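Biologist: Could you take me through this model, beginning with the terms you rely on?

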Amino acid sequence: MKSIWSESVSLKKHNALDGDISTNTVVIGGGIAGLLIAYRLKEKGIPAVVVEAKTICSGQTKNTTAKITSQHGAIYSKILLHYGVEAVKEYAYENEKAIADYENLIQKKNIACNFEWKNAVLYSLEDEKLIEKEYRAAKKAGIKCYITNKTELPFSVKSALVFKNQAQFNPLEFLSVISEDLEIYENTKVLSVENHVVLTDKGNINAENIVFACHFPFVNFPGLYFLRLNQERSYAVSSKWNGKLNGMYIDAVKGFSFRAYEDNIIIGAGTHRTGKAEKGNPFALIEKKGKMMFPDFKAEYCWSAQDCVPLDDIPYIGRFIKGNPNVFVATGFNKWGMTSAMVSANRISDMICGVKNDKDSIFSPSRFSIFAASKNICKNTAETVAGFSGYFGKTSLKAKDIKCDTAGIINYKGKICGVYRCKAGELYIVSLRCPHLKCIMNWNDTTKTWDCPCHGSRYDYKGNLLDNPAQENSILIAKI
C-alpha cells in the first residue's frame, strides 16, 4: 500500500546520530508536527534537533488526506457544550491562524505543493439538526460559514455546513522544503528520557527542552497518555478523475470523505478502532462505493492511516504534565493532523520562548471535563479490560489449517499463538501479547498486521513494530 503523496515525492535522507550531543530543544518524532515545531524554533533563533526512529514522514504524515481546515467534524458544538464560548473561540482562532500560516510559509519559501483554497463541507444524509447545532456553535466561534442543501457531490444531502477559506495541499512536497535546513537524525531510536537527557540507540542528547511529537507518547508514567488516548484506523483510495471539486467533503455521521487532487479523486472511509477491524476489505468497499458515485472510478492508490483520539476529541498540545515547564507534547490530533501540527508548532515554540503558557487553554494536556470525556472513558476502559483478558481459550486450529495469505490462532507447543502463512507458504508464529502493556492482539487482514485494541500498537506478521506506543518488536516465536 502506497499513498498518492509518497508515490510523488522522494524526501532527502538524513544520517543517524553518531555519539552524544547537546542542544536547546530536542523534538522526538519526524512527522509534520515535529518538523514544523523544529522549523518554528529555528525561525525564532532556538537551536533544535529532530530525532526519528525510521525516516522522516514515514509514519502517519504520508498517509493523510491532507486537508488544512478548521472544520473538524462536529467539534465546535461539543466544545461549546463542555468548555464554553471562550474555549470554542480559542479553538477556532488557533486553527484558522494555522491555515493562514501555511499560506504565508508556502508563499515565503515559494513551495510548489499544490496548495489550493477550498471550502470545507460537513454534510449529513439524515441528521439536519446535527448540522444546525454545529453551525450555531461555529458562528459563535467566529467561523465564516453557512448552511445549504446543495453540493457538488453526485448524491443528495439533507444538510451541509460550509466553512469558507479552507485549503488542501501535498504535504510531502511542502515538507521536502521545510525540512531542508533542519538538524535531523534518522534511524535513531529514542530509548528513554531521563530529566534533560534523551537516550537513543546512537547516543545521548542533552537538551533544555524536550518535545514529544511522536504520534502517541511512549512514556507511560507520568502523563498516563495510554489512558487518555485510543487509536483508530481509516482507509483511503484514489482514482484518476476528470471532474472538479471546489470543496472538501466529509459525512458527519458515517465519515465518508471526498477531495480532489490534480486529476484524481480521493475517497476516505472505513474508520474503526485499531485492533477491532470489521470483516471485509475496506479498500474494496470504498472502490465499490466509488464506482456507484463516479462511474469510471478505479483504485490506483490505496493507503491507511492511524489517528490518536483524545478523551474529549481535542488535541493535547502543551506541557507534558502540569508542573514540568520543559517537557512538551503534541498528540491526539483526531484525524486533523495538518492544522493541528501547525497549531502545535505555533503554541509550543511560543511556550519555549516564554511568550505563551497553556494555563486555561483548551489545548492544555492538563484540562479535564468528566462530561466531555465520559463516553470515551467508558469505551476505552471496556476495550482495555477485554484486551487484557483476550482470547486464551482452546483452539482446534492446526498450523496445517492456515491457508496462504491468511492468519489464525493456534496452539503451538502448549501456547496460544498468532500465526500467519505468507504467500510463499512459510509460517510466522508470534506471541499474541502486545509488548507495550500485554494486551491481546487481533489480526487485521487488510493490512496483514497484528494490532492491539487497547492502545493501538501494530506489528507486521513477522513481529516488527509498525506503530507506537510500544517501543519494541513483538516476540517471533518461530518461522516454519
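Modeller: A residue is called buried under 20% relative accessible area, exposed over 50%, and partly exposed in between (1.4 Å probe, protein chains only). The model is predicted: local features need pLDDT of at least 70, side-chain atom pairs count only at pLDDT 80 or more, and totals for chains, interfaces and linings use all residues. Residues are numbered from 1 along each chain as its sequence is written, and side-chain values use heavy atoms, with hydrogens and water left out.

Biologist: Is Arg40 buried or exposed?

Modeller: Arg40 is buried, because its relative accessible area is 10%.

Biologist: And which side chain does Arg40 meet in a salt bridge?

Modeller: That of Glu43, at 2.8 Å from N to O. A salt bridge is a side-chain nitrogen of Lys or Arg within 4 Å of a carboxyl oxygen of Asp or Glu. Arg40 and Glu43 both belong to helix 2 (residues 32-43) and sit 3 residues apart, about one turn of the helix. Helices (H or I, at least four residues) and strands (E, at least two) are DSSP runs, numbered from the N terminus. Glu43 is partly exposed, with a relative accessible area of 37%.

Biologist: Which residues do salt bridges with shared partners join into one network?

Modeller: That network consists of Lys44, Glu90, Glu94, Arg347, Asp350 and Lys356.

Biologist: How many salt bridges does the structure hold?

Modeller: There are 22 salt bridges. One of them pairs Glu7 with Lys2 at 3.6 Å, N to O. Both partners are partly exposed: Glu7 has a relative accessible area of 41%, and Lys2 has 47%. Another joins Asp445 to Lys448, with the closest N and O atoms 2.9 Å apart. Asp445 is partly exposed as well, at 42%.

Biologist: Where does Thr449 lie?

Modeller: Thr449 is in strand 22 (residues 449-451). Thr449 is buried, with a relative accessible area of 2%. Its C-alpha atom is 9.5 Å from that of Asn464, a residue 15 positions away along the chain.

Biologist: Changing topic: how many cavities of 30 Å³ or more are there?

Modeller: The structure holds 1 such cavity. On a 1 Å grid over the protein atoms alone, a cavity is a set of points where a 1.4 Å probe fits but cannot get out, whereas a pocket is an open set with protein on both sides within 12 Å along at least five of seven lines; lining residues have an atom within 4 Å of a point. Grid points are joined across faces, edges and corners, and a volume is the space filled by probe spheres set on the points. The largest cavity contains about 30 Å³ of space.

Biologist: What lines the largest cavity?

Modeller: Its lining is Lys67, Thr69, Gln71, Ala120, Val121, Met248, Tyr249, Ile250 and Trp336. Strand 4 (116-124) and strand 12 (247-251) are the elements that give two or more residues to this lining. Strand 12 provides the largest share, 3 residues. By class, the lining has 6 nonpolar, 2 polar and 1 charged. Here Ala, Val, Leu, Ile, Met, Phe, Trp, Tyr, Cys and Pro count as nonpolar, Asp, Glu, Lys and Arg as charged, and the others, Gly among them, as polar.

Biologist: And what is the lining of the second largest pocket?

Modeller: The second largest pocket holds about 320 Å³ of space. It is lined by 17 residues, with Asp358, Lys359, Asp360, Ser364 and Ser366 nearest its centre. That lining divides into 5 nonpolar, 5 polar and 7 charged.
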